[in-house]
Amino acid sequence: MISYARQDADSTASPSPGAEDHIAPAPRVSVQVFCETMETATAVQAAGEDRRLAKAHLKIQMGGMAAAVEAYRSAPTPNVIILETEERGDILAALDHLATVCDAGTRVIVIGRVNDVTLYRELVKRGVSDYVIAPTAPIDIVRSVCGLFSAPEAKAVGRVIAIAGAKGGVGASAIAHNVAWAIARDLALDSVVADLDLAFGTAGLDFNQDPSQGIADAVFSPDRIDTAFVDRLLSKCTDHLSLLAAPATLDRVYDFGTEAFDSTLDTLRATMPCIVLDIPHQWSGWTRRALIGADDILIVATPDLASLRNTKNLFDLLKAARPNDRPPLYCLNQVGVPKRPEINASEFAKAIESQPIVSIPFDPQMFGSAANNGQMIAEIAPSHRTTEMFLQIAQRLTGRGEAKKPRKSFLPPFIEKLRAK
């Protein structure tokens with residue numbers, strides 16, 4: 001019996017109902033892949049560039065199972081081995097050979113072309129973690145590797161939602177806070193708003209909170225960050241919503257490195273089902289990294305030329321940097337300002353090649369009252385059309401109510417059959 005640490009495919013943390021392809025990022029692990037075809041090697045190479053495998057060290061070799069057995073005769077095995085085979089007879093014999101050189105704790109994923117439950121049973125007996133049917137797409141590799149590290153007893157890893165403005169003054173922060181409120185209140189999903197605008201953030205004002213600690217304490221104390229430390233920094237807004245507030249002071253300069261927020265966000269992922277990032281309108285290494293690393297993205301734009309240009313640029317960049325993710329979403333805000341020439345939604349959509357989720361009407365009285373009172377729109381106008389729009393955005397960003405894509409792995413369809421026998 002191979003001494004791999006096996007995790008059944010059905011033990012992977014299940015996404016929320018309707019969550020479309022929510023895949024938790026893999027930790028810092030080594031992954032070595034032995035391919036037989038260039039088609040698979042190309043797919044694996046593309047998977048290695050996916051944001052969810054950014055921390056994994058991926059190495060690709062040709063030669064399939066035979067090359068793997070030979071390689072590990074004189075070298076330690078990595079955390080994960082991915083093996084491609086094109087012949088059924090080779091799979092089991094090669095796995096038996098691999099067992100003699102494989103270190104304890106190594107997990108194995110097999111890519112094959114045989115779709116058969118009998119073969120699956122034999123692979124399970126030998127401790128194989130996953131069996132993926134070829135031909136494979138990059139997202140199949142990402143899903144399989146990341147799924148190995150979602151323990152059944154662990155909480156579902158948090159979904160990170162990034163909300164950013166196409167330009168300054170478009171109301172992105174107000175929308176981020178109201179959407180987070182809808183996620184927490186209407187979808188009953190424990191959530192946290194992380195205000196990343198440390199100098200000028202408004203989340204504390206919008207939620208009528210004045211915490212003595214917040215996100216700055218985490219960013220400037222990276223060596224102290226753990227679950228307990230971050231929990232102490234959170235300010236409770238409602239039963240389901242917490243705030244990681246910005247200090248909104250100018251007593252220090254907030255110049256950060258590209259990875260400044262990584263440890264904070266990793267800790268939040270481990271403790272909160274949903275994290276809404278209120279990203280300031282600036283372009284730096286860490287804002288780019290926060291956007292690209294999010295599970296879902298909402299761009300807030302106003303119906304003018306500058307917003308159109310910037311939204312188009314952001315869409316192009318994010319689509320190129322996130323080829324295995326859903327495209328970003330966008331909404332139009334402050335629509336219908338009196339006497340202001342506007343680009344209508346259909347023209348905006350034609351240029352972006354995507355429809356806005358919603359077009360939020362200009363209503364300075366309602367938004368101004370909410371901001372000055374430290375309340376959300378849903379609190380002062382629960383039946384208003386804009387309140388419904390925030391819920392609609394929340395549902396789209398969290399995947400609630402959307403159909404799940406079927407997993408391409410061979411294992412799940414047979415798990416229940418085997419248990420019934």
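**Figure 1. Leu92 in helix 3 of the predicted model.** Leu92 is part of helix 3, which spans residues 88-99; the structure shown here and in the other views is a predicted model. Leu92 is partly exposed, with a relative accessibility of 22%; a residue would have to fall under 20% to count as buried. Apart from neighbours within four places in sequence, the contacts of Leu92 are Leu119, Glu122, Leu123 and Arg126. One of these, Leu119, is 27 residues away from Leu92 in sequence, with a C-alpha to C-alpha separation of 8.6 Å.

Figure 2. Five strands form an open sheet in the order 2-1-3-4-5, and their pairing is parallel. Strand 2 (57-62) and strand 5 (130-133) are the edge strands; each has a single partner strand, so one side of each lacks a neighbour in the sheet. From one strand to the next the twist averages 15°. Strand 1 (residues 30-35) runs parallel to strand 2 and is joined to strand 2 by six bridges. Within this pair, Val31 sits opposite Leu58 of strand 2. Helix 1, made of residues 38-48, lies across strand 1, strand 2, strand 3 (80-84) and strand 4 (107-112). The direction of helix 1 is at about 170° to that of strand 2.

**Figure 3. Strand 3 and its two partners.** What surrounds strand 3? Five of its five residues are buried, so strand 3 is largely enclosed by the rest of the structure. In a regular strand, side chains alternate between the two faces of the sheet. On one side of strand 3 are Val80, Ile82 and Glu84, on the other Ile81 and Leu83, and all of these are buried, so that both faces are covered. Strand 3 pairs with strand 1 in the parallel sense over four bridges, and Ile82 of strand 3 stands opposite Val33. The pairing of strand 3 with strand 4 is also parallel and has five bridges. Here Leu83 has Val110 of strand 4 as its bridge partner.

**Figure 4. Two buried cysteines.** Cys35 has a relative accessible area of 0% and is buried. Cys274 is buried too, at 1% relative accessibility. How many disulfides does the structure hold? The number is zero.

Figure 5. Ser191 belongs to strand 7, which covers residues 191-195. Is Ser191 buried or exposed? With a relative accessibility of 0%, Ser191 counts as buried. Once residues up to four places away in sequence are set aside, Ser191 touches Ile183, Ala184, His240, Leu241, Ser242, Met272 and Cys274. Cys274, one of these contacts, is itself buried.

Figure 6. Strand 7 and strand 9 (residues 241-244) run parallel and are joined by four bridges. Val192 stands opposite Ser242 of strand 9.

Figure 7. Two packed helices are described by the angle between their axes and the distance between the axes. For helix 12 (residues 305-321) and helix 13 (residues 345-352), the axes come within 10 Å and cross at roughly 35°. This crossing of helix 12 and helix 13 is right-handed. Helix 12 contributes Ser307, Leu308, Thr311, Lys312, Phe315 and Lys319 to the contact, and helix 13 contributes Phe348, Ala351 and Ile352. By type, the residues in the contact of helix 12 with helix 13 are five nonpolar, two polar and two charged.

How values were computed:
Residues numbered from 1 in each chain as written. Predicted model: local features only at pLDDT ≥ 70, side-chain atom pairs only at ≥ 80, totals over all residues. Heavy atoms only, no water. Pairing = 2+ DSSP bridges. Helix = DSSP H or I, 4+ residues; strand = E, 2+ residues; numbered from the N terminus. Axes fitted to C-alpha atoms, helices over the stretch in contact; angles between N-to-C directions. Contact = heavy atoms within 4.5 Å. Disulfide = S-S within 2.5 Å. Buried < 20%, exposed > 50% of the residue type's maximum accessible area, 1.4 Å probe, protein only. Left-handed = near helix turned anticlockwise from the far one by under 90°. Nonpolar A, V, L, I, M, F, W, Y, C, P; charged D, E, K, R; others polar.
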